Amino acid sequence: MSVTGSRRLLTVVASIAFSLAAGSVQAQTRSETLRYVTGASVNTLDPNIPGSTREAFAVSLSTYDRLVSFGRKQLNGKWVFDLGKITGELAESYEVSPDGLKMTFRLRKDAKFQDGTPVTAEDVKWSLDRVVTAPVLGKAQLLTGSMTSADQFKVIDPLTIEVTLPKPDKLALPNLATVYPIIINSKVAKAHATADDPWALAWLKENTAGSGAYKIETFKPGEQVIMARNAEWNRGTPDKSAFFKRVIVQSVPEPATRANLVERGDADIVVDLQASDVQSLEAKGKLKVISTPQYNSVTFVSMNNQIPPFDNVNVRRAIAFALPYDDMFKAALFGRGSPLFGATWADGKPTSGAYPIPQPVKLDLEKAKEYLKAAGMPDGFSTTFSFNVGQASTAEPMAALVKESLAKIGIKIDIQKLPDAQMSTQINEKKLPFFTEGIVAWLPSTDYFYRNFYTGNQRWNYSSINNPELAEIAQKARFEPDAAKYEEDGVKLNAIHFSEIPQIPLWQPSQDAVMASSVEGYTYQFHRQVDYRDLNRK
Amino acid sequence: MAAFGATVIRAGRRFLSSLPALFGVLVFTFLLMRVLPGDPAVFFASGPNAGNEEIEVIRKQMGLNKPVPEQLMLYLYDVGSGNLGRSMMTGQLVTKDLRERLPASLELTFTALLIALLSAVPLGVLAALRPGSIIDHGVRFFCALGVCVPTFVSGLLLIYVFYYLLGLAPDPTGRVDIFASLPPRRTGFLLIDFLLAGDFDGWWAAFRQLILPALSMALFVVAPLARITRASMLVSLGSDFVRTARSVGLPWWRVVVTYALRNAILPVITIAGIVFSTMLGANVLVEKVFSWPGVASYALDALLSSDYAPVQGFVLLMATVFVIVNLLVDILYGIADPRVTIG
C-alpha cells in the first residue's frame with residue numbers, strides 16, 4: 001500500500017516537474033516563433049497546382065527558392081517590393097545580353113537543397129521545364145514573360161543556366177521572381193514521378209523538395225502549417241538564415257477572433273482584418289499597424305460594354321458622375337486606401353502614363369443627368385448590381401450607396417449578392433451587366449494591366465471592352481525599350497480609358513498589416529501575403 | 001441476453017432498410033450540386049493569369065468534362081469502393097478530410113449535448129415541480145434568452161469575456177493549444193486520446209479549449225430540452241400512478257425520479273436525438289467563431305466555392321449519422337420504456 005502510494009506521489013511530482021520544464025521550454029521558444037493567423041487556408045505545398053490559394057503562395061516562398069527575387073524600396077516611409085530591382089536568390093549573379101535575348105544565371109556554389117544535395121543547373125532546368133510544360137498555373141504566368149517552351153532553358157555547366165527569349169521582353173526576368181518558377185530538387189521529384197504524372201504534381205502537392213528558408217513540419221490543409229527554420233539557408237539579407245526558428249500559419253476564419261488574438265499577443269501578425277477592427281486597434285496604439293496601399297491592385301465598378309444600356313458610352317459616363325465616391329470610400333474601407341477619383345486633369349490630359357491613376361470624376365448628379373439625356377434615357381432604366389459574398393464586408397455598404405445615389409437620376413438597381421463560384425462563372429460567361437470587382441497584377445506595368453484587363457474576349461476583361469486602338473497600343477508598348485516612348489503610350493492608353501470609361505476605378509485598398517510591436521521588417525509584397533523571411537523580432 | 005440479441009438483429013434490419021434512403025440522398029445531392037449555378041472550375045482557376053486553358057485542366061481534373069449521367073455512374077462506383085472524391089479546397093481526399101474532422105465535430109457536439117442535458121433536465125423538472133412559481137419563470141426566462149441569442153453572438157460574447165477581458169480561457173483557435181503536442185491518434189477524440197496517452201496536462205488543455213464552444217452550443221439547445229422535460233413532467237406528475245405513489249408514502253425523490261421522470265423521459269430522448277443531429281451539421285457558426293476544425297464549417301466553405309465532392313460527402317455523412325442516431329434513440333426508448341420495441 002505504502003509502496004504504491006509513494007510511487008503514485010513520485011509520478012505526480014515527476015509529472016509536475018516535467019510540465020514545469022515543458023512550460024519553460026515553451027516560453028523560451030515563443031519569442032523565436034512567429035504565429036501568423038489568417039482567414040484563408042493553405043491547400044497545397046506546390047504553388048503551381050491549379051486552385052492553390054494565396055496563403056499557399058506565401059508558404060511556398062519560404063519553402064522554395066527561385067532564381068531571383070525582388071528587392072525592396074521605401075514608399076512613403078513603408079517598405080514595399082521593388083519591381084525595378086531584381087536580386088539573385090539561388091543565382092549568385094545574372095547577366096542579360098545587350099540585345100535582350102539571353103539571360104545567363106550563375107548559381108550560388110554553396111546552395112543546397114534541404115536534403116543536403118547541391119543545387120545544380122540540371123535541377124533548375126527541370127524545374128523551369130516543368131513550369132512551362134506541365135498543366136500548372138505557372139504556364140500562363142511565364143507566357144507573359146515570353147517563356148513558353150523547354151527549349152528556351154539550356155544548361156551551360158553545372159552552375160550556369162541560360163534562358164533564351166524570342167524577343168526582348170521587359171517582363172521575362174521579373175517573371176522568374178514570381179511565385180511559380182520554384183526550383184525543385186529534381187532527383188527527389190523524379191523519384192516520385194509516375195507514368196501518368198511525369199512532373200510529380202501529386203507528390204509535390206503534399207511534400208516539398210526545395211532549398212528554401214523553411215522546412216515543413218506539419219501540414220494540415222485548411223487548419224495549419226508549421227514550418228521549422230532551415231539553418232543552412234543563407235539567401236536572406238545579408239547572407240543570413242531567416243530569423244524565426246518556427247513559423248506557424250494558422251487558419252482562423254472569424255475576423256473578430258483574429259483581431260483578439262493579435263491584440264492579446266497570442267498571434268504575432270495578421271494582414272486580413274476588417275477595416276473597422278484595424279481602425280480600433282490602431283487607435284489603441286498597443287500594436288504596430290502598417291498600412292500600405294496595394295499599389296498593384298484596383299477595385300472598380302465595372303459595366304459590360306457589350307450589353308445595353310451599358311454599350312452606350314454616355315450611360316457609362318452618367319454612372320461615373322453619379323457614384324457617391326467619398327461616402328463609398330468611407331463606408332467600405334473607412335478611408336483606408338488610396339482613392340482613384342476626384343483628380344483634376346489639366347486641359348483634360350492624363351497626368352501620367354502609369355496605371356492606375358486617379359480619374360477626373362466626382363459625384364455630380366447634374367452632369368450625370370445630362371449624360372443620361374444624351375444617351376436617350378432621360379428617365380433612367382433598371383439593372384442589377386452584383387458582388388460576391390467573399391467581398392461582402394466592403395461591397396455590401398458600397399452597393400447600398402450606389403443604389404441610393406443612382407436612384408436619384410432614375411436608375412433603379414437590384415442588388416445581387418452572389419456566392420463566389422457563381423460570380424466568377426457569370427463573369428466568365430460575360431452575363432453580369434453591372435458589378436464590382438478587384439484586380440491585382442503581380443508585375444504592375446501599364447501595358448500588363450491594359451493587355452490583361454482590357455483586351456480580348458477573356459475572363460479578366462471584365463468590361464468586355466473591344467477597342468482595337470487600345471489593344472494595339474498595349475501590345476506595342478509591351479516590347480517598347482524606350483522609357484519615354486513607353487510613358488507616352490501609357491498616357492494614350494489612359495486617355496482612351498477615360499474617354500471610353502469601360503469601367504470606373506474606385507480605389508486601391510490598403511493592406512493593413514497588424515503586428516506585435518516587437519515584430520520588424522514587414523515588407524508589402526507583390527503577392528499581398530507576408531513573406532515570413534522578411535520578419536524578425538527585436 | 002436473448003432479448004439483447006433480438007434487439008441487435010432488429011437494429012441491423014432497421015439499418016438495412018434505411019439504405020435505399022441513403023442511396024436517394026446520394027443521387028439527389030449529386031444532381032442538386034450540378035443544377036446549382038456556379039462553375040467550380042472557373043472559381044478554382046482564379047490565379048492572376050488563369051485563362052480558359054486552366055479552367056479546362058481543372059474541369060478535367062474534377063471529371064466535369066464528361067456528361068452528367070456518366071459522372072453519376074463514376075461517382076456511384078467510387079462511393080461504392082469507399083472513395084468520396086477529392087476536395088479542390090484542401091487538396092485532400094474527402095474521406096480523409098471527413099475522418100479528421102468528424103471526431104472534432106462529434107466531440108464538441110457530445111460535450112455540448114451533455115452540458116445541455118445535465119442542465120436542461122433538472123431545470124425542466126424543477127420548473128414542473130413548482131409550475132407558475134418564481135423558479136418556473138426563471139427557467140422560462142433563461143430558456144428564452146438562450147434561444148434568442150444566436151450561437152455566434154453568445155460565442156463571441158464568451159470569447160470577449162473569458163478570453164479577451166479575463167484571460168481565463170485559452171485562445172479560441174481550434175481543439176488544442178497550437179504550441180502543445182498532440183497525443184497519438186487512436187480515436188480522434190482528443191479527450192480520450194490524451195487519457196489513453198496518460199497526458200493529463202494535454203487533457204486539461206484540450207478540455208479548456210472545448211468548454212467555451214460547447215457552452216455556446218449548449219445554451220442554444222437548453223431551451224427545447226428544458227421545455228419538453230417540463231411539459232412531459234407536468235403530465236406524468238398529474239397522472240394516477242404518481243398520485244398512488246405519493247399516497248402510499250414513498251419518499252418524494254423516489255416519486256419524482258423513478259416514477260415521474262422515467263415516464264417523462266421518452267419525448268426528451270426523441271428531442272435530444274433530433275437536437276444532436278442538428279447540432280452536428282448546423283453549428284457552422286460556432287465552428288467558425290472558434291476556428292474548430294469540424295465538418296460543418298468544412299461543408300460551408302465547400303458549398304461557397306461549389307466544391308462538389310466535399311458537399312456530397314458531407315451530406316452523405318450527415319444522412320448516415322442521422323440514421324444511426326435515430327436507431328440509437330429507438331434503442332434507448334426500449335430501455336426507458338420496456339413496452340416500446342423497435343421493429
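Ser146(A) counts as buried because its relative accessibility is 10%, where buried means under 20% relative accessible area, exposed over 50% and partly exposed in between (1.4 Å probe, protein chains only). Its phi is near 60°, a positive value in a residue that isn't glycine. You'll find Ser146(A) in the loop between α4 (138-143) and β6 (153-157) of chain A; helices (H or I, at least four residues) and strands (E, at least two) are DSSP runs, numbered from the N terminus.

Keep in mind that this is a predicted model, where local features need pLDDT of at least 70 and side-chain atom pairs count only at pLDDT 80 or more, while totals for chains, interfaces and linings use all residues. Residues are numbered from 1 along each chain as its sequence is written, chains are lettered from A and ligands numbered from 1 in the order in which they are written, and side-chain values use heavy atoms, with hydrogens and water left out.

- Ser291(B) sits in the loop between α13 (284-289) and α14 (295-304) of chain B, and its 9% relative accessibility is why it counts as buried.
- The peptide bond from Pro308(A) to Pro309(A) is cis, with omega near 0°; Pro309(A) belongs to the loop between β13 (297-303) and α10 (313-320) of chain A.
- Tyr355(A) and Pro356(A) are also joined by a cis peptide bond, with omega at about -10°.
- Pro356(A) is in the loop between β14 (337-339) and α12 (365-374) of chain A.

**Helix α3 of chain A**

- Because 11 of its 13 residues are buried, α3(A) is largely enclosed by the rest of the structure.
- The buried set takes in charged side chains as well as others: among them are Asp123(A), Lys125(A), Asp129(A) and Arg130(A), with Lys and Arg counted as positive, Asp and Glu as negative, and His and the chain ends not counted.
- Trp126(A), Leu128(A), Val131(A) and Val132(A) are also included among the buried residues of α3(A).

- Ala441(A) is in the loop between β17 (434-440) and α15 (446-454) of chain A, and at 1% relative accessibility it counts as buried.
- Leaving out neighbours within four places in sequence, Ala441(A) is in contact (heavy atoms within 4.5 Å) with Asn296(A), Tyr448(A) and Phe449(A).
- Ala441(A) and Asp82(A) are 359 residues apart along the chain, yet their C-alpha atoms are separated by 14 Å.
- Lys417(A), in strand β16 (residues 412-418) of chain A, is partly exposed, with a relative accessible area of 44%.
- Beyond its neighbours within four places in sequence, Lys417(A) is in contact with Phe387(A), Val389(A), Ala392(A) and Glu396(A).
- The C-alpha atoms of Lys417(A) and Asn466(A), 49 residues apart along the chain, are separated by 27 Å.
- Gln422(A) belongs to helix α14 (residues 420-428) of chain A and is buried, at 15% relative accessible area.
- Gln422(A) touches chain B: not counting residues up to four places away in sequence, it meets Pro37(B) and Gly38(B).

**Chain B overall**

- Chain B has 15 helices and 0 strands, and its C-alpha atoms fill a box of roughly 85 × 55 × 40 Å along the principal axes.
- Of its 343 residues, 49% are buried.
- Among contacts in chain B between residues at least 6 apart in sequence, 73% join residues at least 24 apart.
- Chain B exposes about 16,300 Å², with carbon and sulfur atoms supplying 72% of it; areas come from the Shrake-Rupley method with a 1.4 Å probe, and for residues only the protein chains shown count as cover.
- The mean positions of its 25 positive and 21 negative charges are 13 Å apart, taking each charge at NZ of Lys, CZ of Arg, CG of Asp or CD of Glu.

**Annotated spans in chain B**

- An unreviewed UniProt entry places "transmembrane region" at residues 15-36, 108-129, 141-166, 203-226, 264-286 and 314-336 of chain B. Those positions are given in the numbering used here, feature names are shortened, and annotations may be inferred rather than shown by experiment.
- Residues 108-129 of chain B are 100% helix and 0% strand, with end C-alpha atoms 32 Å apart.
- Residues 203-226 of chain B are likewise 100% helix and 0% strand, and there the end C-alpha atoms are 30 Å apart.
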